[in-house]
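Me: I would like to go through this model with you, a few points at a time. Please keep the answers plain.

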Amino acid sequence: MRPLLLELRLDSPLAAYRQIADGIRCHLVEGKLAPGTLLPPVRQLALDLGVHFNTVAQAYRTLADEGWLELRRKRGAMVVERTTPRKADTRKVAALTDRLRDIAAELRSLGVSRTEVSRALKRAAKPAR
Amino acid sequence: MTPDTLHPFALVLTAAMFWFTPTLSRPGVFFGVTVSPAFRETDLARACVRHYRVVVFLGAGVAFGVMIAASSPRAKALALAAHTLASTAMWVATRHRVLPHAQSPVGVRAAALVERDTRVPGGMLLLVGPFVIVGIAALVVWANWEVIPERFPSMSRSGNGRMTPKSVNGVFGPFVFIGALLGAFTMQTVFLMNRTRTIAASGPAFEAEARFKRRTAQQSLAATYLMAAGPSWFAVQRVLGDGTPGLARGVWIGVIVCATLAVTIWMIRVGQGGQRAVPAADGQAGDATPDGAWKAGLIYFNPGDSAVFVERRFGVGWTLNFGSPWAWVLLGLALGFPMIVLRLMR
């Protein structure tokens, strides 16, 4: 069975820790990382991605603050069940909605039709748990 | 093995390594430069390999001639060193020829989200073994302090008539010396398992890489035992025996020669990272290190990389990331500390 992969784009304007956190979050909301799953230790992931240990540690901390992970000393992190949905941070929601609007606009400017954009957004939201 | 046979043996071994070096690297690395895997099949690439091998072959022939003609071991050693230098220089020159055809490394790095087995083969118990051997040898000497003669053969010139007076430094120095070298080798074994990157994230390339890493760690561990057993025995013999090199030394050298030969053949067979017999991983070009961090294609310096060891681009195996502070600790332990001990023994 192929293991779940995490990708880091070297030419992306997004900071490496954000890319790592975003990549893992995607797997989490799509249910590919079930509660109880152990993520690799910070050191291993940092070595494989060719980044500093602190970069991966920061990504793990971000996800732990969001309630997705429980950090373990020297053992990486464990995926936990998010029982109580957190109260939405309105400012953050507004910022992310803006990002979605930007992405939709970029897709439209690339020639993607309005229907296809809305279908893609629906597809992206569907597997979220 | 005498200098008459040792130097030609080493020459054949190094010449073979230099000869095969261009074909041993990963498909996306050619003379230390990240290229497209198809570049190897171009006329230019073939010409590069041909010219490089002509120099390696002719250099080995000249060095062999010098070894046959010269009688002094120093001249033989110089011939070996000159061949190594000339072949390395040719490798660096060929790298400069390839550099204009460099391809930027793949813009995506992938890592598996599962914990890998980074345990040292045999666990901590096997790692401690060599130190126990040296410790026992030192204890034997300590228990027989009274019977140690006032002067005994010196460590560096054992058998050549040079003597060392009986003192704590003179008697136990060699054990500390061996211990420091063992420390460096042990650190190397541990770092190979848990401070090196895995380049292919999945598939047969990943499996081959994991096998290669494990086998290399086993070899490093075996070398640690060889380093502990032989020199500890000789250090005991030096102060408690008659000090002359005996059958044990011959057996020890024979084992080292056979092991070196076996490892060289294995490395040529599997290639860098065990990738020779494995199809290239999807979209994988290079070895996940930036070309700019390689000095002359030989020395890797990248403080932003958390790896202590990275796959070397010249030959097979790993090299230190000189941008990591741990690399300097390792070097200090392997070179600096034994030098201090040798100085204290004088």
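Me: Is Ala57(A) buried or exposed?
Reply: Ala57(A) counts as buried, because its relative accessibility is 18%; buried means under 20% relative accessible area, exposed over 50%, and partly exposed in between, with a 1.4 Å probe and protein chains only. This is a predicted model, in which local features need pLDDT of at least 70 and side-chain atom pairs count only at pLDDT 80 or more, while totals for chains, interfaces and linings use all residues. Residues are numbered from 1 along each chain as its sequence is written, chains are lettered from A and ligands numbered from 1 in the order in which they are written, and side-chain values use heavy atoms, with hydrogens and water left out.

Me: Where does Ala57(A) sit?
Reply: Ala57(A) belongs to helix H3 (residues 53-65) of chain A. Helices (H or I, at least four residues) and strands (E, at least two) are DSSP runs, numbered from the N terminus. Between the C-alpha atoms of Ala57(A) and Ala21(A) there are 10.0 Å, although 36 residues separate the two along the chain.

Me: What are the elements of chain A, and in which order do they run?
Reply: Chain A has 5 helices and 4 strands, and from the N terminus on the order is β-α-β-α-α-β-β-α-α. Its C-alpha atoms fill a box of roughly 45 × 35 × 35 Å along the principal axes. Of its 129 residues, 30% count as buried.

Me: What span should H4 of chain A have?
Reply: Helix H4 (residues 90-109) of chain A has 20 residues and should span 28 Å at 1.5 Å a residue, which agrees with the 28 Å between its end C-alpha atoms. The expected span is 1.5 Å times one less than the number of residues. After H4(A) comes Gly111(A), with a positive phi near 100°.

Me: Turning to charges, how many salt bridges are there?
Reply: Over all chains, a search of the whole structure finds 13, a salt bridge being a side-chain nitrogen of Lys or Arg within 4 Å of a carboxyl oxygen of Asp or Glu. One of them joins Glu30(A) and Lys32(A), at 3.1 Å from N to O. Glu30(A) is partly exposed, with 33% relative accessible area, and Lys32(A) is partly exposed at 48%.

Me: What about Arg313(B): which residue is its partner?
Reply: Its partner is Asp287(B), with the closest N and O atoms 2.9 Å apart. Arg313(B) is in the loop between E8 and strand E9 (318-320) of chain B, and Asp287(B) in the loop between helix H7 (247-270) and strand E6 (294-295) of chain B, so this pair ties together parts 26 residues apart in sequence. Arg313(B) and Asp287(B) are buried.

Me: What is the phi of Ala288(B)?
Reply: The phi of Ala288(B) is near 65°, a positive value in a residue other than glycine. Ala288(B) lies in the loop between H7 and E6 of chain B and is buried, with a relative accessible area of 18%. Ala296(B) also has a positive phi, near 55°. Ala296(B) is in the loop between E6 and strand E7 (299-300) of chain B and is partly exposed at 35%.

Me: Now the second largest pocket: which residues lie nearest its centre?
Reply: Thr260(B), Val263(B), Thr264(B), Met267(B) and Arg312(B) do, out of 33 lining residues. The elements that give two or more residues to the lining are H1, helix H5 (168-194), helix H6 (203-240) and H7 of chain B. H7(B) gives the most, with 9 residues. On a 1 Å grid over the protein atoms alone, a pocket is an open set of points where a 1.4 Å probe fits, with protein on both sides within 12 Å along at least five of seven lines, and lining residues have an atom within 4 Å of a point.

Me: How confident is the predictor in chain B?
Reply: Chain B averages a pLDDT of 85, and 93% of the residues score at least 70; pLDDT is the predictor's confidence in each residue, from 0 to 100. Among the elements of chain B, strand E5 (residues 163-165) has the lowest mean pLDDT (79) and helix H2 (residues 43-69) the highest (94). For the complex, the predictor gives an ipTM of 0.76 and a pTM of 0.78.
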